Amino acid sequence: MMQMCKYSSCSAIDAASKARIVCILSALVLSVGMLRAADAEKPSPAERLVGEWQGYIENRGEVTFKTSYRYRLSPDGSWTIHDDSAGSDERQGWFKAEAGTLFLQPRAAAEKNQNAAIAAAIVSDVRFEIPNSLLPHRKLFYSRLSASDAMTLEAATGKWQLKQKLFDSGEIRKAPYIVEFKDDFTYQVTQDGKTLPPEWSAGSFEIENGFLKLKNTFREAGFWRNPVFFRKDGRLIYNDGDLCLWGEPAEGRSSGRID
């Protein structure tokens, strides 16, 4: 009887212990479940990158070129390359983000079901970069599409002071020219006290696919032969990856030159 009582007592203790363990585990599961629910309310790194991204080239820290391509990252985890010049979309594979890196599976890998991807460094929620080991001073980066960078007639209309940064010395030169874009899609270049060649100092312009394009009768090699600009961070930037040249809203005029 004593033995039976002993075992009965142990069984009772075991049952009570198991009950407490079940309660503790239940509480832990509930806590983990609550944490997971809380985490689920926060967007994942990949979800934060959903949207449209415009491609640019940065040369020695200066934005000098805008591509005709945009990346569209969709909520379903797929991505598309949109070509403004052709007005076309090309569906790619999946995209993922982890540990500060964005992985983009290209179309060729997706069609062959290969687990291969382009690796881009996530700089922030509004920028990622694709490294260039051959030309480290140049960066291909993508910036989240912003209305503040849209090229519109309203944004372009007015007078702009041209400036250039020399990469070798870092010197910034102010050109003697003021370029005025008018709301009738004509432009005029002026310089204090000088009569400028009409072949390039006057003409028209058009805005197409996010670019402003000058149209004139100048046919020699050089800057004034139908230059193209894009808008970025309040500047009208000359679309040439090798030169750093831009226009700023004119507040005054001074001498200088652009080589």
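The model is predicted, so local features need pLDDT of at least 70 and side-chain atom pairs count only at pLDDT 80 or more, while totals for chains, interfaces and linings use all residues. Residues are numbered from 1 along each chain as its sequence is written, and side-chain values use heavy atoms, leaving out hydrogens and water.

- Take β9 (residues 158-165) and β10 (residues 172-181): they run antiparallel and are joined by seven bridges.
- Across from K163 you'll find K174 in β10.

**The largest pocket**
- A pocket is an open set of points on a 1 Å grid over the protein atoms alone, where a 1.4 Å probe fits, with protein on both sides within 12 Å along at least five of seven lines; lining residues have an atom within 4 Å of a point.
- The largest one has a volume of about 180 Å³, counted as the space filled by probe spheres set on the points, which are joined across faces, edges and corners.
- Of its 16 lining residues, Q54, K66, L145, D149 and A150 are the closest to the centre.
- β1 (51-59), β2 (62-73), β8 (138-144) and β14 (228-232) each supply at least two residues of this lining.

**R138**
- R138 sits in strand β8.
- R138 touches (heavy atoms within 4.5 Å) E58, N59, N132, G241 and D242, not counting residues up to four places away in sequence.

Terms used. Helix = DSSP H or I, 4+ residues; strand = E, 2+ residues; numbered from the N terminus. Pairing = 2+ DSSP bridges.
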